[in-house]
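Morning, everyone. Please have the sequence and the structure open on your screens. I will keep this short.

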Amino acid sequence: MKEPVRKTKHPYLVGVAVACVVGFYFSLVSKEKKFPEPGPNLEYDITGLLDIDNVETAFEETGQIVPDFDQAKALETDANGNLYISGENTIAIYNADGKETSRIAIDGTPTCLELTPDNKLLVGLGDKVLVLGPDRTPLATWSNLSDRTHISAMAASEDNVYLADGGSRLVLRLDYDGNVLDQIGKADEERDIPGLEAPSAHFDIAFDNDGQLWVVNPGKLGLERYRENGDIVTTWYRPDVTRLDSFSGCCNPMQIAFNSKGRLVTGEKGPVRIKIFEITSGSFEELVVGSKAFHVPQQIGDLVVDSSDRILVLDPRMKAVRIFEQTRTTLASKKAAE
């Protein structure tokens, strides 16, 4: 039964109290002398925090690919070193030398791209997935995936496709007919699953070199590994704004990929940093590039590692895909190669 609204027996007392509070407030804001600025102990200065990535690295920017369309959104690479860049109503394909070789016309602006083991191209279009065949002609569209679907990333195996759904804050497991088979990442105390926290649209997933599914838990500033049935295998989180070997902000890392050695490459936002971690333990190995290489306000759109272990970063401020390669050996890179 709906409980009736309770009314005060002394409405005049409530009115007097409200009037006093309002009068006190306006008496403060009307004074000529304004409130003093907070003391030095209350001021938040992040200048020192930006300097933590001012370290020697083994990587340099060796080139850029500049698409001739605005609002590039997503990247994907294939085994031959070709790069796919999505934009409004188009996907442009570039060879390893950075020359555009072809284009695919589509309807919409893809938020993510994924190549399947049998060379189909999956195109994430917000709340649906367009499936293109090996000849890049449309085969199917997967829609009606969930009530709040917003696809931010995809990962494809032989039998399943996984979608990072930033709308529902879950990972959806699908078959190749587009049927949703399972939802992964929902909080479950009995299964020791903490629950995925995705405060923003940056929510990434990827398979490691052994075919294990890794999911970014951006709100917890770390990663989680899951089995196909949704059981959690392992987790590691690195929340610390003061350390280079950790992640800062509300939701990082925003992008992940794996190189040929099985190392995890991460991309962070605010400030932008590209790093390399050992995936199993989550131990930091080295910095690829720090925040000083990016314009303010800093942002990256996507990140992939190609077949030559080049790290390709979509930089919306420069409207370019920036290419970073290891050009020398440092103590950190030597240790990472062992």
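Predicted model: local features only at pLDDT ≥ 70, side-chain atom pairs only at ≥ 80, totals over all residues.

Start with strand β19, residues 264–268. Are its residues buried or exposed? Five of the five are buried, so the strand is largely enclosed by the rest of the structure.

Next, the partners of β19. One is strand β18, residues 255–258, which pairs with β19 in the antiparallel sense over four bridges. To find the pairing on your screen, look for F258, whose bridge partner in β19 is L264. β18 and β19 form a hairpin with five residues between them. In that turn, G262 has a positive phi of about 80°.

Another partner is strand β20, residues 273–277. β19 and β20 run antiparallel and are joined by five bridges. Here G267 has I274 in β20 as its bridge partner. How many residues lie between β19 and β20 in their hairpin? There are four, and G270 in the turn has a positive phi of about 55°.

V129 stands opposite W142 in β9. The hairpin of β8 and β9 has five residues between the strands, and R136 takes a positive phi near 65° there.

That is my part done.

Definitions and conventions. Residues numbered from 1 in each chain as written. Heavy atoms only, no water. Pairing = 2+ DSSP bridges. Helix = DSSP H or I, 4+ residues; strand = E, 2+ residues; numbered from the N terminus. Buried < 20%, exposed > 50% of the residue type's maximum accessible area, 1.4 Å probe, protein only.
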